[in-house]
Every structure is written in structure tokens, then in C-alpha cells.
Amino acid sequence: MITKKEIQKERSPLGLRQFVLRRKNKISKITDERHKAMLKNGLYKQFSDEIIPLSLFCLKNYQKNFKIIPDLGEEGYDAIVKDENGDLYENIELTFPHDGKFEADDSRETINKGIGNFRIYEPGEDLNNLRPFIMDTCRKKLEKDYSDCSLVIILGLFIRPYNQHKKLYINILEEITEEIKQKFKFKAKSVYILFTPFKKIIKIG
């Protein structure tokens with residue numbers, strides 16, 4: 001359903017987002033592929049953790065006549081951004097703090113039993129529970145030089161919050177952003193937080 005060549009094709013921000021949404025729709029209709037995607041087998045890990053949020057970030061952050069080239073190699077960045085003249089604008093490095101063990105266990109339970117693990121949260125608790133993973137990821141990113149990159153910290157939640165709780169989540173997100181600002185000085189061109197449930201982008205510096 002997905003190939004490295006297809007993912008790395010040069011597209012506009014809108015073109016990349018449309019590709020992602022069409023591909024997700026096709027995958028959802030084929031049981032075997034849907035299970036592979038849930039387990040993040042093969043290219044599905046990069047497609048889920050990087051390409052899907054990348055498409056959202058680029059659509060909201062760059063001009064429509066820019067070009068995006070995802071990179072699945074080991075170049076030290078995850079995508080190349082070209083301006084309207086075809087010149088290099090910047091590179092993008094993505095990072096995805098998450099509770100990997102819980103998500104993997106839940107995916108296996110869902111496939112094997114038809115229902116996943118349960119976690120009951122008070123509104124905002126799930127985002128607060130991500131804090132140690134976020135801080136640990138930021139700490140690791142301090143070890144590398146991203147002077148030629150925009151670093152994008154992708155924050156997703158296991159279940160999308162209700163819209164009536166949006167203000168609460170944005171307040172918590174701003175607290176997390178302030179904590180990152182105080183604790184970490186990245187070697188990066190720019191640093192962003194992308195909060196995928198509400199498609200919110202905050203530029204840290």
C-alpha cells in the first residue's frame with residue numbers, strides 16, 4: 001500500500017496532505033493492511049509517526065507553492081523544504097514523544113481481541129501524563145546539532161479530546177511549552193510543537 005519511492009515524492013504542502021489522507025482511507029478498508037498500520041510494521045511506522053504529522057505541519061506552516069520532500073534515510077533530517085524558486089528553504093527534523101509500550105500493547109489487544117486496553121482520564125490528564133516522555137525526548141535532542149533544521153516536537157493523544165475541553169488542553173500545552181523553554185536550549189534553526197488533536201502549532205524559538 002505504501003512504498004519508499006511514493007512517500008519521498010516531491011509534493012506541495014496540500015499535495016502531501018491529500019496523499020496522506022487518500023492513503024489512510026485505502027488502508028482502513030483492507031484488514032491486513034490496517035493491522036500492519038496499527039502495529040507499525042515496516043514503513044507504516046514512519047508513515048504513522050512522521051509522514052502523517054509532517055503533512056499537517058507543512059500544510060499549516062508553509063506557502064502553497066513550496067515543495068516538500070520527505071526523507072526516509074539516515075540524513076539527520078526527515079524532510080526537505082524548497083521555496084517557490086526551488087531553492088532549499090530548510091530541513092525538518094521530527095520527534096514524537098509517546099508511550100510506545102502502551103500503544104504497542106493496545107494495538108495487539110485490539111487486533112487479537114477486537115478491543116484494546118482501557119485507560120480512564122480526567123480531561124487533560126492524558127496530556128500531563130506525556131510530560132516525562134516529552135522532557136526525556138527534548139533532553140536527548142540536546143545532544144545533536146540541528147542548526148540547519150526546524151525541529152518539530154509532535155504531541156498526539158491516544159484518544160482525541162472533546163472540543164469543549166480544548167481550552168483546558170491548550171492551557172496545559174502552553175505550560176509544557178514554557179517548561180521546555182526554561183529547561184532546554186536546542187541547537188536548531190527553529191523549534192515547534194505540533195499538537196495534532198487540535199492541529200495547533202506553537203513556535204518555541
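Two strands are taken to pair if DSSP finds at least two bridges between them. Helices (H or I, at least four residues) and strands (E, at least two) are themselves DSSP runs, numbered from the N terminus. The structure described here is a predicted model, in which local features need pLDDT of at least 70 and side-chain atom pairs count only at pLDDT 80 or more, whereas totals for chains, interfaces and linings use all residues. Residues are numbered from 1 along each chain as its sequence is written, and side-chain values use heavy atoms, with hydrogens and water left out.

The protein chain contains 8 helices and 6 strands. Read from the N terminus, its elements follow the order α-α-α-α-β-β-β-α-α-α-β-α-β-β. Of the 205 residues in the chain, 43% are buried, a term that denotes under 20% relative accessible area, with exposed meaning over 50% and partly exposed in between (1.4 Å probe, protein chains only). The accessible surface of the chain comes to about 11,400 Å², and carbon and sulfur atoms account for 48% of this area; accessible areas come from the Shrake-Rupley method with a 1.4 Å probe, and for residues only the protein chains shown count as cover. Contact means heavy atoms within 4.5 Å. Among contacts between residues at least 6 apart in sequence, 68% join residues at least 24 apart.

The strands form an open sheet of 6 strands in the order β1-β2-β3-β4-β5-β6, with mixed pairing. Because β1 (67-70) and β6 (200-203) stand at the edges with a single partner strand each, one side of each is left without a neighbour in the sheet. Neighbouring strands of the sheet are turned by 25° against each other on average, direction ignored; the axes are lines fitted to C-alpha atoms, for helices over the stretch in contact, and angles run from 0 to 180 degrees between N-to-C directions.

Both senses of pairing involve β5. Strand β5 (residues 187-195) pairs with β4 in the parallel sense over 8 bridges, and I154 stands opposite L194 of β5. On pairing with β6, β5 runs in the antiparallel sense over 4 bridges, and L194 stands opposite I201 in β6. The hairpin of β5 and β6 has 4 residues between the strands, and K199 takes a positive phi near 55° there. K199 has a relative accessible area of 46% and therefore counts as partly exposed.

Most residues other than glycine have a negative phi, and most peptide bonds are trans. A positive phi, of about 60°, also occurs at K40, which is not a glycine. The position of K40 is in the loop between α3 (31-39) and α4 (44-61).

Within strand β4 (residues 145-155) lies S150. This residue is buried because its relative accessibility is 0%. The side chain of S150 makes a polar contact of 2.7 Å with the side chain of E90. A polar contact is a pair of N or O atoms within 3.5 Å; within protein, one must be able to donate a hydrogen and the other to accept it, and residues adjacent in sequence count only if both atoms are side-chain atoms. Apart from neighbours within four places in sequence, S150 is in contact with E90, N91, I92, E93, K189, S190 and Y192.

A search of the whole structure for disulfides finds 0, a disulfide being a pair of cysteine sulfur atoms within 2.5 Å. C58 is buried, with a relative accessible area of 0%, and C149 is buried at 1%.
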